Amino acid sequence: MISKTYNDKTKFFLEISDLLNRNSIAPYDKLCSAFEKTKEFFKVDGAFLYEADYTGKLILNKKCSDLKGIKMKEDININELFTEADIRQVYDSPFIYYVKKENIDKSIYNMKLLEFLNQPSCFWMNVVCDEGGVVGICGMLNCNSHSEVEENDAITIGAILAIAANTFKLSLYKQRYEYSKLALERTMNHSGVDIYVTDFYTDEILYANETMAAPYGGISQMVGKTCWKILYNDKEGQCDYCPRKHLIDENGNPTNTYSWDYQRPFDKSWFRVFSSACIWVDGRTAHVICSANITDNKTNELLISQMAFYDGLTKIPNRNKFQKDFQSSLADALSRGVYKYILFCDLDNFKYVNDQYGHEKGDTFLRQVAEYLNNIPKYENHAYRYGGDEFILLFDDITEAEIAEIVDKIHTRFKKSWHSFEKSYLSSVSIGVTRFPSQELSSSDEILHAADLAMYKEKIEKKTS
C-alpha cells in the first residue's frame, strides 16, 4: 500500500462519501465505482461484495467485485461454516475488521472467514440487517500480508466500507420492499376475490385489485373516486346497507368482520361480501371490502359450507353444525356402547335484557354467553347456539361427575353480573341434562326432546320456588 497524506485521504473520503450518497446513481453502479476508486487510491489488490440469497447463503457479486485474477470463493454458507457462538461475535464486536493470518488473537469468526477466503489479509465489514443476520460482506484485499497498513489508512478504508455497507443495506431494503409490493399485488390480483378499500369516513377509494376494477374501467378509474358513485349510477349518497356502524366500536377502533350477500345490478352476479375496518398505510381508518362470487355454488362450496355451520352473531357452531355433529356422535355411541351427554341451556330472562337495554346490548350479551360456554376451563369447544337464547353443549367420553361439575360452573358464572357498554345485569340459566343413548332414548329427536323437557322442568321449578 502507498501512503497518502492526511489531506489527500480526507479529500478522497469525502469524494467517495458523496458518490455513495448520490440518489441519481444506481446502488450497484455506485458500489462498483467506489470499490474501483478505493482500490486505485490505496493500491490494494482487490475489492469484493458478497450478498445473501433467499436461503441465507452469501453469493459473490461478480459485477461489483474487482478482483483482477484473484480467486475468491463463489459462495459462503454462514450456517455451515460457523457455529452460533462464532456468528454471535458479529453482533458483539465492531463491524470493521482488518485481519492478518499472523494475528491469531483475533476472533474465531474473523480467522475462519479469512481462512475460508484463502487470503493472507484483508479489510471487511459484515452487513447486518436490523432483524439480525448477516446479509452481506464487503471488503478490500491486501494479498501481501507483510505489507504494513498505516492506522489512518485502515481507518479511512474502514469508514468507506461502512458507507458502502450502508448503501448496500439500503439497496437491499428497497429491493425487498419492491419484491414484497410486487408479491402482494400479484397475490391480491390472483386471489380469486374482488377487493377494494375506501376511506372509512369519506368513501374515497384508496385501493382496488384488478378483478374488482375490471368491470368499472380499471384501477385508474376507481382509485380516488367515491365508491357509491362508481359502483352505482343511481346513488346520491352512501348505501343504506353499508355496514360501517358494525365495524368499529364507540371509540372508533376496528372490531369484527361483517358479511352479507349482494347482487351486482348490471350483470346480476351474486357475491358474498366481507367488510372490516383497519388502519391504512397512511394512518387513517379504512373500510376493506372483499367479495367472492357465489353465483356458481360449486365454485364456492367450501366457503358456503363454512358460513352455513357457524352462527353469524356469536361465531360459535350453529344449529346446523350441532345436528350434523349430533348424528355422528349418536352413531358412535350406539356402535361403541358408550354414554354421551347433552346440556340444553336456555337464558331465563333474555327478553328482559333486550327490552330493558336494547337489542344491541342483547346481542353483546349473547356473544358473551357464547364465549363463556365455548371456553369453560377444561371443557372448551363443546358449545352450539341452537337458536335465539338457547345453547347446547355436546360431550363425548365424559363422566357423570364431570357433567355435574360443568353444570355447577355454569350456574356459578350466571350468579355473577354480565357487563356491556358500561351496563351490568344479572341473568340466570336453566339447564336440562340428558344422557344418551338409552333404552327409552335411541333416536336424535327423542334425546333432544328429553333434554328440552329437563330444561323446562328446571325453569318451572325456579318459578314456583
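Reader: With which residue does K63 form a salt bridge?

Author: This is a predicted model, where local features need pLDDT of at least 70, side-chain atom pairs count only at pLDDT 80 or more, and totals for chains, interfaces and linings use all residues. Residues are numbered from 1 along each chain as its sequence is written, and side-chain values use heavy atoms, with hydrogens and water left out. A salt bridge is a side-chain nitrogen of Lys or Arg within 4 Å of a carboxyl oxygen of Asp or Glu. The closest N and O atoms are 4.0 Å apart in the pair that K63 forms with D29.

Reader: Is K63 buried or exposed?

Author: Buried means under 20% relative accessible area, exposed over 50%, and partly exposed in between (1.4 Å probe, protein chains only). The relative accessibility of K63 is 58%, so K63 counts as exposed.

Reader: Which residue meets E74 in a salt bridge?

Author: E74 has 42% relative accessibility and counts as partly exposed. The N to O distance is 3.3 Å, and the partner is K62.

Reader: How far apart are the closest N and O atoms of R244 and D203?

Author: R244 is buried, and D203 is buried too. The two residues form a salt bridge, and their closest N and O atoms are apart by 3.4 Å.

Reader: How many salt bridges does the count come to?

Author: Some salt bridges are linked in a network, which joins D332, R336, K340, D396 and D397. By the rule for salt bridges, the count comes to 24.
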